[in-house]
Every structure is written in C-alpha cells, then in structure tokens.
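Please read them with the structure open beside you.

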2 protein chains.
Amino acid sequence: MSITGSIKGRSSGKATLASVAAHAGVSAMTASRALNQPDRVSDAVRARVALAVAELGYVPNRAARALASAQSNVIVVLVPSLSNAVFTAVLEGIQDAIGSGNYQLLIGNTRYSDAEEEKLLGIYLQSNPDGILLSSLSHSARVTQMLAACGVPVVSMMDLAGAPGQLSVGFSQCDAGHAMTRYLIDKGHTRIGFIGAQLDERTLRRADGYRKAMGEAGLLDARLELMVGDPSSIALGAELLQRMLAQAPDCEAVFCCNDDLAHGAIYQCQRRGIAVPQQLAVCGFNDLPASAWMTPSLTTIDTPRYRIGFEAAGLLLAAIAGETPPATQIDLGFTLMARESA
Amino acid sequence: MSITGSIKGRSSGKATLASVAAHAGVSAMTASRALNQPDRVSDAVRARVALAVAELGYVPNRAARALASAQSNVIVVLVPSLSNAVFTAVLEGIQDAIGSGNYQLLIGNTRYSDAEEEKLLGIYLQSNPDGILLSSLSHSARVTQMLAACGVPVVSMMDLAGAPGQLSVGFSQCDAGHAMTRYLIDKGHTRIGFIGAQLDERTLRRADGYRKAMGEAGLLDARLELMVGDPSSIALGAELLQRMLAQAPDCEAVFCCNDDLAHGAIYQCQRRGIAVPQQLAVCGFNDLPASAWMTPSLTTIDTPRYRIGFEAAGLLLAAIAGETPPATQIDLGFTLMARESA
DNA sequence: CTGAAAGCGCTTACAG
DNA sequence: CTGAAAGCGCTTACAG
C-alpha cells in the first residue's frame, strides 16, 4: 500500500526502472535486462517485469540511457532544403533504411547555408550522435574540423567523393551533366545554353559536365551560360528563360540544372508562343513526377534519390557497427529520360 | 602537466564541464553558470571559462543536461508525409518559429498511418519532449491516451479543433471545401464531381464541405463522388479523371481534393482532347507553385501552410512557458484563387 | 540467471 | 558572485 518512489526531491513522479523493478520484485538491473536483453532473463522474470511496465505505464528515459551507456542511438541528417522534393525523397529512403531500429533521426535543414550548417551541427553534436549523414562533399573549415573532432562515421550523399576513405553514396553529378549535354549535341544542336540557379555544389558539378561536353565539341561560349544564386523555382525558370533568350537569341536548346527551372522555362515558352522542342529544346534534371505528364513531356535525368538515402543509411549503420563496408563509395548511377521536350 | 579527467573507467575521453571548470580554476557549477546564465557570473570568470571551453573543445552533453534538469528542450512534430509539399511548408514554418532557440525538433513521418503514429509517439516520448505538434485532430485511442499520460502541451495543426481547450492552428477544411463547391455552383454548374484520395482527415472534411454545398443547392448525387484510399499523385489524378467521366459522363466540373490530383486531371484532359474549362472545369486545393503557371492555370484554394507551422510552434512555445495564450484556436483562413481552369 | 555498487555529465536547491 | 553535495534514471563491469 505504500507509494513507490521518492516522497520528495527532484523526481518527476513518473515511473522509473527502479519503481518497475520494485513492483516486479527484482533488482533494477534485472529489470533493465528484462527489457533490453530479454533472452538473458528467466521467463518468469520477463513476464513480471512486463506486467509492471504495463501497470505503471513505464516509459524508458532516453537521456538516462544515453548518459549511462555513452550511446545516443541518434543519427544526424543534414539536408540543404525541405521544399526540394529531391531531399525529401532522400529522407524517406533514410527513414526506411533506419526502419524500426532504435535509432532516432535528427533532421536539420541547412537552407544551402554554410553558416546554418555550422550552427546546426554544433547543436546536434551535443546529442552525441552515433553517425552523421551529409548532403555535400565539401564543407566550411569549421564544419570539417567539428566532423573530425567528434570522431563518428560520416557518409556524404548525392555525389561521389574524390578523396579515398570518405564514405559516399550517389552518382557523378558531373557525368550526368555531361551526358545530358552530349545528348543535345548528338541531336544536332550547337548553341546549347545552360541555366543554373542556387549554385550549390551539385549544380556546379552539373555545369562542369556541361562545359566539358561543350568544350569537347568545340562549342563552348560563355554567353550560353546563365548562372544565378537565387533559389530554384518555377517562377525563376520562367524568368531565366527570358534572360537566356535575350542574352543568346540564337540559342537552340536549354539545359536547366533542375526540373523546377525547366518546368518554368517550358511554361514561359507556352506563354510566349515558342514551340518546344521545334523552336527551342528544353531539358531538366531529376525527373520530378510532373515531368512525364506535362505537355510537352520533359527530357531529363532520373536520379536515384530515394535509393541514395536508403543506401547511405545502410552504409552508415554498417560503419557504426564497426563493419568494414565492401566499398567506401557507392555509385547508384542515373538515367537519361528522353521525352518530347528535347 | 597532469592530465585532467579520469585515468580509467567509463569516461568518454571528451572534455566535460568538470574538466572545463578545472581548467578555468572554478567549480563545476560556476562553469555551468558561466555558460547558461552568463549574467550571474563575474566578467573574469566568464572569460576564463570561455577560454577553457575553446582550448578543450568542450561540447555540452545534452543527455546529461536533460537528465539533471528534467527538461529535454525537445519538441516532437508528427506529419503524415514528407513528399507532400504542404507538410514540408508546415515544417519550414515550425523551424523558423523555433528559430535559434535551444529547442531540438524531432520530426516524425507517420505516413498517414495510425499504427505508425503510435509507434513514433512511443519512441519520441522516451525523449521526454517539452511539447508536441500534431497534424490531425483525431487519433487512435492509444495515442490519445499516451498524449494525456505524458502531460505535455499539444497543438493540433491544419484544421480547427471542435473541443474547447484543445489547442489548434489552421483553418476550417470543411468551410474551404464548401467555398470551392459554392464557387462552381455559382458558375452555373450543376453536375459537379468530387475526386478524393488518401482519405485522411483533411480530405474527408473537404468532402463534407462539398456535400454540404451540394445538398444546400439540391444537387447531391453519390455518383458524382469518387473516393479512393490510394496516396495522391499526378498519375492517380489522371486515372481518377477517367474513372469519373466513366462513372458520371454528364459531369461538368470536377473538384479535386488537392492540386496534385487536379494537375493529373488536367494533363489527362489535354491528352484526351477535353477542353478545360469549356468542356470540363477542374479545380484543386492548396495552390502549389505549378498551379499558377500551368496552362490552363488552376483554380484552387490557397492554404496558409507555412503560417500554420509558424503560429502553431509559437502557440506551443507559449504553452510550454506556461503562458495563457490569447486564444486556444487560431484560424488562419484560406483564399480561393479563381484562375482559368474553372 | 540475478544483484550491490559505482558512475555517466550535468543541474538543483541550499549556503555563504 | 561562488561552491560542496546530492541526485536525475539508467547501464556497466564485476561477482556469485
């Protein structure tokens, strides 16, 4: 009939492992075992502890566990954007790979900002994560230093790492940019424009691939490049198409660094009465759902974003477990989707 | 010249508050104050502690702080989807409202599943959150019970709560569905179809509004309703449009429960040579970015999703701080965007 | 298969 | 403005 737990002091009033143990008539550590290593406890004890847990409404305290075990079961994920469907797909892949394990995801949105990345990482490191998933290969000096200092496994997503030993999952953004440009060249185009926005690492690598292909064909011309730092959007794509045509009126094809911009470019063509692809070929990058459905359907690069998240999380889990992964780098490739617009 | 910290035992080897304090020549609790309540410490001490922190690369241990203070500084957010742009906008609003406070967001994706919601909540409750943000008004009995048992403030987003005392931020999904239907009726349409997918709480309320308006006008007809549980997508919208026309060939207008379905419906009309809005009016819900740009532009309801997240987080923060909010319910309204498609 | 003791790294009253 | 002691709720070696 006596109340279990401290009468006074800082206790929360909630059931604790100790109260569960008392209720079940075992020691705290046996109660702990019954919950975390059920095989190492007798059937009777396991049942009594389970009953106590149910009757007391016991909820384990994760902070206490993390402190005592020096294992947080936390995985940090940093993505540059949440409004970009590419990264939400990556997150879904990660969530599916983490599955019903006991890991907790700490999802940070860096908004394409190095300063924000530093700030978020600083805060998340206080949770002593077991591993970290990043969306870029290069980072500020401070971030690089924090990553090294914390000493936990890191996997970079989206592109492939150049440096050996660095774990990465993705595909060559440069090769994909090259392949799309080559496709346009093979179609007979010589005046091929490149429209880039945000100018994040991935866009810059795609632009590298574009320049490489144009250079190889002797078609390079700086006036065919239109690069702005603003965030990508349909509206921006519409605006940039106008600017591209003003800047290079003889442009025959436009390679947009992502589908949002390409959609905007095509909508703009429709409004201005420019026939796609007859007067102007337009292509994008990522293959968002609308791309296959719009008229004309959009020629673009299908990217394995969901799988990138899934495989990256798998690789990280393996690294956390101390396994030596079969490879430090996983190339998931890309697919050129040739459709009506180019 | 002696090494600070324990020689042996379970210590992590990382700098602790104790080692910082020793390095600065103060007690641990003075070091703690220097970091958390800098005003209550002398300038000299503050400077010495700051120096020690820098030299040792000290990173506070959040688990220890949470355990000692019984305050996690964690806020749990549960959304039904990450691929739905509506909820990523809600998340961005929340992130902006939380800002640079010391709160940590635990973002869970329930995938429109009650079972998943239960599971996630059970795990997240182990982190002793200070508050919870939910995307629905109604939940499974088990979730309702867990919510009550944990005793922390909860704010429901998207729709407005019926029950008094329940904190909610959003707009009346039913009223919005009613307004859109009424708009179509006022345009002279009598055979107005409703296409719904996923059949989550919000869609069902919009359907309620549709039925109410149709009923008021004496136009109700079950054959005009097409409701399926599949996840919304452009492809599904295209398919459901076909089914709607097969089921109700005399249909003059179609109200899609969200823009993704509406986009798919319009693309399907284009492929089948059905003129929108002349032969068939189509409207959607949410006003996604593409809706204003596509041809024809989409008539839809603009929903304040970013602000819902922002205001909900603000309300939750106030509740956590123990303030009595000016209102338990914040109605952010909606705007009907009349465009070309209907 | 089970347990008594110590400790994880902080913060909270309580003093002075 | 500063500090010695206790405690948050769990897990880790170490025994038996």
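1. Which residue forms a salt bridge with A:Asp96? The partner is B:Arg111, and the closest N and O atoms of this pair are 2.7 Å apart. A salt bridge is taken here as a side-chain nitrogen of Lys or Arg within 4 Å of a carboxyl oxygen of Asp or Glu, and by that rule there are two salt bridges across the interface of chain A and chain B.

2. On the basis of these notes: this is a predicted model, in which local features need pLDDT of at least 70 and side-chain atom pairs count only at pLDDT 80 or more, while totals for chains, interfaces and linings use all residues. Residues are numbered from 1 along each chain as its sequence is written, chains are lettered from A and ligands numbered from 1 in the order in which they are written, and side-chain values use heavy atoms, with hydrogens and water left out.

3. On the protein interface: 46 residues of chain A are in contact (heavy atoms within 4.5 Å) with 46 residues of chain B. The two chains bury about 4100 Å² between them, 52% of it on carbon and sulfur atoms; buried area is the accessible area (1.4 Å probe) that two parts lose on being put together, summed over both.

4. On the DNA: 27 residues surround DNA strand C, where the cut-off is a residue heavy atom within 4 Å of the strand, and the closest include A:Arg33 and B:Ser32.

5. On individual DNA distances: a phosphate oxygen of DNA strand C is 2.6 Å from a polar backbone atom of B:Leu17, and a phosphate oxygen is 3.4 Å from an N or O atom in the side chain of B:Arg65. A base nitrogen, by contrast, is 3.4 Å from a polar backbone atom of B:Ala64.

Definitions and conventions: A polar contact is a pair of N or O atoms within 3.5 Å; within protein, one must be able to donate a hydrogen and the other to accept it, and residues adjacent in sequence count only if both atoms are side-chain atoms.
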